[in-house]
Amino acid sequence: IETKPEAHGHNYLKRKGPGALATAYLVIYNVVMTAGWLVIAVGLARAYLARGSYHGLYYSIEKPLKFFQTGAILEILHCAVGIVPSSVVLTGFQVMSRVFLTWAVTHSVREVQSEDSVLLFVTAWTVTEIIRYSFYTFSLLNHLPYLIKWARYTFFFVLYPMGVTGELLTIYAALPFVQKTGLYSVTLPNKYNFSFDYYTFLILVMFSYIPLFPQLYFHMIRQRKKVLGQVEDYSKVE
Amino acid sequence: MDALALEASGKKLPNGSSITALPPTTPAKRKPAKKAKKAVVFFEVEILDAKTKDKLCFLDKVEPNATIGEIKSMFHKSHPQFYPARQSIRLDPKGKSLKDEDVLQHLPVGTTATFYFRDLGAQISWVTVFLTEYTGPLVIYLLFYFRVPFIYAPKYDFTTSKHWVVHLACMCHSFHYVKRLLETLFVHRFSHGTMPLRNIFKNCSYYWGFAAWMAYYINHPLYTPPIYGEQQIRLALIVFLFCQIGNLSIHIALRNLRPPGSKTRKIPYPTKNPFTWIFVLVSCPNYTYELGSWLGFTLMTQCLPVAFFTLVGFIQMTVWAKGKHRSYLKEFRDYPPLRSPILPFVL
């Protein structure tokens with residue numbers, strides 16, 4: 001049973017897969033998530049057609065975006081419990097970085113919500129998630145259309161950089177407002193003898209993309225060779 | 001747990017004759033007609049790379065009572081870049097490493113033994129790592145305590161805090177790391193000589209980073225002393241000192257379990273020292289006391305970064321304690337069932 005292709009090389013032979021109940025639950029989960037992100041996609045399209053511009057589309061999908069992106073936290077639980085054979089740490093990191101951008105940046109800093117960079121990463125996330133969740137759904141049902149597998153391991157070439165660009169630009173746009181208002185920052189003196197500068201923290205987050213993004217990108221490229229490469233080999237043998 | 005002693009029997013040598021190797025422990029039996037050959041059969045050892053299976057080294061005329069450690073030295077001669085500490089020798093490419101003390105003829109090998117070699121990477125001695133990782137916090141904390149330039153605003157350079165708890169905290173912190181350094185030099189008996197080199201960067205980042213983070217706030221000009229003042233500080237100091245003595249007592253008790261130069265493992269038991277009586281309830285009381293010390297320090301300084309450091313340390317020590325507890329249970333059938341890994345009855 002293929003649930004997360006990341007597990008391919010490592011657990012392929014040892015994995016016994018989730019039980020019947022867990023599989024049913026995961027199918028429902030992935031169907032719901034696919035539907036949710038479709039709602040967001042449709043919402044964006046409709047708002048664009050209604051207004052005639054890209055500007056301020058965030059507000060039309062703000063609620064479903066928050067709901068379904070936050071819901072992805074369940075995926076960390078799935079790994080922790082063992083019904084999905086992925087690393088808790090890796091999944092946790094990926095999900096929390098999305099949640100961070102959704103809540104701690106876009107939601108928290110009102111002024112960036114009308115930025116085009118927000119639309120950029122929301123679009124990237126939407127397309128990625130629709131493909132990813134339908135991929136999981138079909139995999140769990142053992143009827144994975146090659147098109148979806150191909151899309152999952154090909155679209156990222158564009159969607160990853162697109163999403164990263166949108167995210168970085170958004171964080172950058174938020175910086176002056178964070179500095180001005182001292183958002184989420186704690187200064188001395190206080191009885192816990194602790195301080196935190198959110199502005200500096202955001203800058204460090206931006207810098208962290210430099211080592212992290214290439215690693216994730218190349219990991220996906222390697223996965224692509226493994227997953228799609230096999231099929232090409234078989235067809236050659238034919 | 002050690003490899004079984006097997007007789008290598010019936011193996012034919014290239015010249016067609018066969019020799020039975022007698023294990024040294026059997027008394028001289030009256031064997032029919034196996035004559036003048038003194039039963040010292042030399043082994044041949046070939047060492048293959050565990051990943052590529054290339055033949056790296058071939059040793060002939062190896063004494064049957066040679067240890068893995070001695071074989072490692074011989075391998076080192078032909079491959080000078082692989083000093084013994086970075087060699088992992090196994091019977092199986094994916095198997096466990098053999099110990100240096102294992103004796104060749106007691107291993108399940110024929111007279112031509114095949115071993116697999118894995119490079120453990122550059123190694124560094126435990127003593128070196130400990131000394132480096134503990135000296136850092138000692139020095140770094142003092143830099144903040146003396147308010148060396150470029151940390152705080154220039155007007156505070158080389159000033160001292162007006163709160164006496166800050167001086168006390170410095171003494172406690174410094175005492176703690178001096179104690180650790182002395183224990184490394186004079187108390188601990190390490191079962192492994194070395195660890196991978198990359199660990200020193202990881203470990204030093206952890207200790208030095210946290211020390212700087214804590215010291216920054218405790219010695220800050222805007223530091224706020226504990227809410228409950230003298231009472232809180234006094235209680236914290238008592239807890240801290242109690243646990244420091246406790247921790248030292250456990251280290252000494254553990255040291256005394258092991259004769260010098262040996263790597264034996266025994267079940268630790270309470271001694272005459274009351275601080276060791278906690279062994280009744282806990283497998284790794286050194287970690288219990290360590291946690292207590294840092295809780296005391298947290299209480300004394302009322303500093304959130306110290307609380308974080310305590311928490312992270314506690315998580316790591318719990319992982320270690322659980323591992324140690326599990327290996328005690330595996331190794332000793334009569335291990336006291338009342339004991340918990342780190343917190344009595346709880347964890």
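Tutor: Let's start with a definition: buried means under 20% relative accessible area, exposed over 50%, and partly exposed in between, with a 1.4 Å probe and protein chains only. B:Val45 is buried, at a relative accessible area of 0%. A word on conventions: this is a predicted model, where local features need pLDDT of at least 70 and side-chain atom pairs count only at pLDDT 80 or more, while totals for chains, interfaces and linings use all residues. Residues are numbered from 1 along each chain as its sequence is written, chains are lettered from A and ligands numbered from 1 in the order in which they are written, and side-chain values use heavy atoms, with hydrogens and water left out.

Student: Which residues does B:Val45 touch, not counting those up to four places away in sequence?

Tutor: Contact means heavy atoms within 4.5 Å. By that rule B:Val45 touches B:Cys57, B:Phe58, B:Leu59, B:Val62, B:Ile71, B:Leu104, B:Ala113 and B:Phe115. B:Val45 sits in strand E1 (residues 43-49) of chain B; helices (H or I, at least four residues) and strands (E, at least two) are DSSP runs, numbered from the N terminus. B:Val45 and B:Asp60 are 15 residues apart in sequence, yet 6.3 Å apart in space, C-alpha to C-alpha.

Student: How many helices and strands does chain A have?

Tutor: Chain A has 9 helices and 0 strands. Buried residues make up 45% of its 238 residues. Among contacts in chain A between residues at least 6 apart in sequence, 73% join residues at least 24 apart.

Student: How do I read a nonpolar core, and which members of the largest one touch the most others?

Tutor: A nonpolar core is a set of buried Ala, Val, Leu, Ile, Met, Phe, Trp, Tyr and Cys residues joined through side-chain atoms within 4.5 Å. The largest here has 49 residues, and A:Trp37, A:Leu65 and A:Ile171 touch the most other members. Helices H2 (20-51), H3 (58-71), H5 (88-107), H6 (116-140), H8 (156-181) and H9 (198-237) of chain A each supply at least two residues. H9(A) gives the largest share, 10 residues. Apart from this core lies another, of 33 residues, among them A:Leu188, B:Ala169, B:Ile218 and B:Phe297.

Student: What is A:Ile171 in contact with, leaving aside neighbours within four places in sequence?

Tutor: Its partners are A:Leu101, A:Val105, A:Leu202, A:Val205, A:Met206 and A:Tyr209.

Student: And how should I read cavities and pockets?

Tutor: On a 1 Å grid over the protein atoms alone, a cavity is a set of points where a 1.4 Å probe fits but cannot get out; a pocket is an open set with protein on both sides within 12 Å along at least five of seven lines, and lining residues have an atom within 4 Å of a point. Grid points are joined across faces, edges and corners, and a volume is the space filled by probe spheres set on the points. The second largest pocket has a volume of about 1000 Å³. Of its 39 lining residues, the closest to the centre are A:Gln94, A:Ser97, A:Arg98, A:Tyr160 and A:Leu216.

Student: How many cavities of 30 Å³ or more does a search of the whole structure find?

Tutor: The search finds 3. The second largest cavity has a volume of about 40 Å³, and H6(A) gives the most to its lining, with 3 residues.
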